[in-house]
Amino acid sequence: MTGICTKKRKLFMNLRKSVFISILILGFLSAAGFTLKAEDEFDYFKGARKGEVDTLALEASNRIIKETKGLLEKEIDPDKYVLGPGDILNLTYVGVEPETEDIPISPEGILMIPSVGAVNLKGKTLSEAKELVREKVGKVINTSEIDLTLADLRRFKVTVNGAVRKQAIVAATAADRVSEVIEKAGGMKLEASLRNIILLRSSSNQRIKVDLVSYFRAGIEDDNPTVLGGDIIIVPQEDEDRSIEIFGEVSMPEEFEYVDGDSLSLLIKFGMGLTNEAVLDSVEIARFDRSGTIHSFYVDISQWENIYENKNLPGDIPLLAGDRVFIRKKSESEEKQTICIMGEVIFPGYYAVKKNQEKISDVLRRSGGFTNDASPEAAILIRQKESKVEDPEMERLHRIPSSEMSEDELKFYRAKILEKKGVMAIDFRNVIREPGCQDDIVLEDMDSIYVPQKKIFVNVQGRVNNPGLIPFNPKFSYIDYISMAGGYGYRADEGETMIVKSKGRQFDAETGDYVIEPGDYILVPPESDFSAWTVFTDVMTVMMQLTGILGVVIALVK
């Protein structure tokens, strides 16, 4: 039993030591700018998931409603603005003396002009009202200078129902569009249709189609009309079985609900336009027949100019539900990739590389090579795509207390906790000496190279009396460095002293199977006999030491 307990205690102490080492190493690397990114990633936010309420979107919606209340997106068009009860008109004319007056339209749609009489403006536009008022006033007052303007917008009720968060009757003005009124009702549900909204206009018994995707993505204003008093907005659910989709070289590839009359040019507008790398002479359209068989054909759109203004585009064909459009990338563009090289090189920064062609030595040459302060032996290559690969076993072990792990699990955890994802095992000194060698690998998209500054010290940490950086001396043994750090401290486990190289490789100090180099760590762990208080003091000591290390490293990097 004693042997088993001793074995478990030893495993636990090894795990503690690994964590101790990893904290120091990872803290140092993060301070030195170890994590690099060759390109930023952008996520497209689509709102709350099914069954969830997107409280942030609701809050933003309410804020936008308040901020835009009473604002006009542009000047009122007199030929389109239909007057109604509550609008206030300003009448100005010159008689014996100039006269100006604000007059509201009555609930019956009548404009009552003092000393002149009533003018019926029901269903009239502002332009039509001007002619009627001029005619009416001109019969009573001898003047040719008569003007009628809109002084203030009326407010009225609009009903919103269907797949919205709250079916309601909301206040609106004649300058509000359907989308704004829907926002006042709390916005749409996740399953709502954006392209088949119905606007029922009671004043004229019209059934008007509203397409918000067409309005916001293609800029077609008539697909998001303004409302009138008594309007009813109906938001149906999206028909998920009828869709079209665009892939490839457009700014925002995406799937959209299909509406009768959709065309190729409209779908490209929905994708926010073509990129500069798009192949235009062979746009592929894949179409499914009733049996599920795919039929593909190609369209040449290379003659298209300004798809947002030109309505007669050659090859602009109508689409059918289920169509999929593919816009390929130019072949020469497909070969271009981006890598990043930072640190101690003459010209650090981002470099375009050709796919499967350029090696580490090629990029080092293009970046001007290492500076005099570079430390090639400590240089690293990070493969970003590998750093994003998840380890399910490690995720499982993270949730298990170390006391409940098996011996094999502890060994695995100890090895993996020191891992820096994506770091390639490259000896840059070999690359310099012999370009094209085994270490001189072909670079891939988003690879990052970091060349740290040359170090002139050895870092002694742990259970020593005066931990810190000791100037490198090629004649010193690890005992000499520990002596320079004040000697072993209280409860130091001298037999477990470790030498950790700049890239993380570890050696038992007593074996002598290593060479101490600038930038190496000498770590002295505590004795294995511990208590809760000892663990607490150990952690506090490590944190204080780490704070000091980071301060020194940051100063050195700067």
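**Exercise 1.** Does Tyr215 count as buried or exposed, and at what relative accessibility?

*Solution.* The model is predicted: local features need pLDDT of at least 70, side-chain atom pairs count only at pLDDT 80 or more, and totals for chains, interfaces and linings use all residues. Residues are numbered from 1 along each chain as its sequence is written, and side-chain values use heavy atoms, with hydrogens and water left out. The classes are buried (under 20% relative accessible area), exposed (over 50%) and partly exposed (in between), with a 1.4 Å probe and protein chains only. Tyr215 has 18% relative accessibility and therefore counts as buried. Phe216, at 55%, counts as exposed.

**Exercise 2.** Classify the ring pairs Tyr215–Phe216 and Phe247–Phe326.

*Solution.* Rings of Phe, Tyr and Trp (its six-membered ring) pair if their centres lie within 6.5 Å; planes under 30 degrees apart are stacked, over 60 edge-to-face, and the rest tilted. Five aromatic pairs are found in the whole structure. For Tyr215 and Phe216, the centres are 4.9 Å apart and the planes at 80°, so this pair is edge-to-face. For Phe247 and Phe326, the centres are 4.9 Å apart and the planes at 10°, so this pair is stacked.

**Exercise 3.** Which strands does the pair Phe247–Phe326 link?

*Solution.* Strands (E, at least two residues) are DSSP runs, numbered from the N terminus. Phe247 lies in strand E11 (residues 243-248) and Phe326 in strand E15 (residues 324-327); the two are 79 residues apart, and their pair links distant parts of the chain. Phe247 is partly exposed at 30% relative accessibility, and Phe326 is partly exposed at 29%.

Technical notes
Helices (H or I, at least four residues) and strands (E, at least two) are DSSP runs, numbered from the N terminus.
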